[in-house]
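Q: Before any term is applied to this structure, could we look at it together and ask what each word rests on?

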Amino acid sequence: MQIRPLFAFSLVFSGMAVFHALSFFFFGVSFQDTFFFPAYVGNYAIGCLLLWGLLRALKHNSHLVGWLYLLASSAKFGLFFLLFWPLLKADGEITWLEKTTFLIPYFVALILETYFLVQKLNKL
């Protein structure tokens, strides 16, 4: 039985969020200081939407999926840059904790999107 890509994406992404949250708890880091929830919720929502759209496009326009992936990934990065950059720079500096809180979910979503898309493309 094959696990559906969006369900598997949700499971792995949620597992990473729990692991990241437990590491914050273990080291005594406050969630409010790091924008943990907006970073994970935003990356999850956009990651699911991007993966869903690319998998739908794969059925109809498989020859365009690579270009659509590059365009969507660029738009995703631009959107987060526009939304999160002002929040991160609000206090005048960006700490390593703020950077990693944004970059970990971003790269987890990016790796999962790429993995599931490559899996589907290999089956063509």
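Q: Where is Thr 101 found, and why is it called buried or exposed?
A: Thr 101 is found in helix α4, where a helix is a DSSP run of H or I with at least four residues, a strand is a run of E with at least two, and both are numbered from the N terminus. Buried means under 20% relative accessible area, exposed means over 50%, and partly exposed lies in between, with a 1.4 Å probe and protein chains only. Thr 101 has a relative accessible area of 1%, and it is therefore called buried.

Q: What kind of model do these values come from, and how are residues numbered?
A: This is a predicted model, in which local features need pLDDT of at least 70 and side-chain atom pairs count only at pLDDT 80 or more, while totals for chains, interfaces and linings use all residues. Residues are numbered from 1 along each chain as its sequence is written, and side-chain values use heavy atoms, with hydrogens and water left out.

Q: Which residues does Thr 101 touch, not counting residues up to four places away in sequence?
A: Contact means heavy atoms within 4.5 Å, and with that cut-off Thr 101 touches His 20, Phe 24, Thr 34, Phe 35, Phe 36 and Ala 39. Two of these, His 20 and Phe 24, are among the buried residues of α1.

Q: What makes Lys 59 buried or exposed?
A: Lys 59 is found in helix α2, and its relative accessible area of 71% is the reason why it is called exposed. Its C-alpha atom is separated by 36 Å from that of Trp 85, which is 26 residues apart from Lys 59 along the chain.

Q: How does the reach of α1 compare with the span expected at 1.5 Å a residue?
A: The expected span of a helix is 1.5 Å times one less than its number of residues. Helix α1 (residues 5-27) has 23 residues and reaches 33 Å from its first C-alpha to its last, close to the 33 Å expected. Just after α1, Gly 28 takes a positive phi of about 70°.

Q: What covers the buried residues of α1?
A: The cover includes α2 (36-60) and α4 (96-122), and among the buried residues of α1 are Pro 5, Ala 8 and Phe 9.

Q: What makes a set of residues a nonpolar core, and which members of the largest one touch the most others?
A: A nonpolar core is a set of buried Ala, Val, Leu, Ile, Met, Phe, Trp, Tyr and Cys residues joined through side-chain atoms within 4.5 Å. The largest has 23 residues, of which Phe 9, Phe 13, Leu 112, Phe 116 and Leu 117 touch the most other members. Helices α1, α2, α3 (65-88) and α4 each supply at least two residues of this core, and α2 gives the most, with nine.

Q: What is the secondary structure of the chain as a whole?
A: The chain comes to four helices and zero strands, in the pattern α-α-α-α along the sequence.
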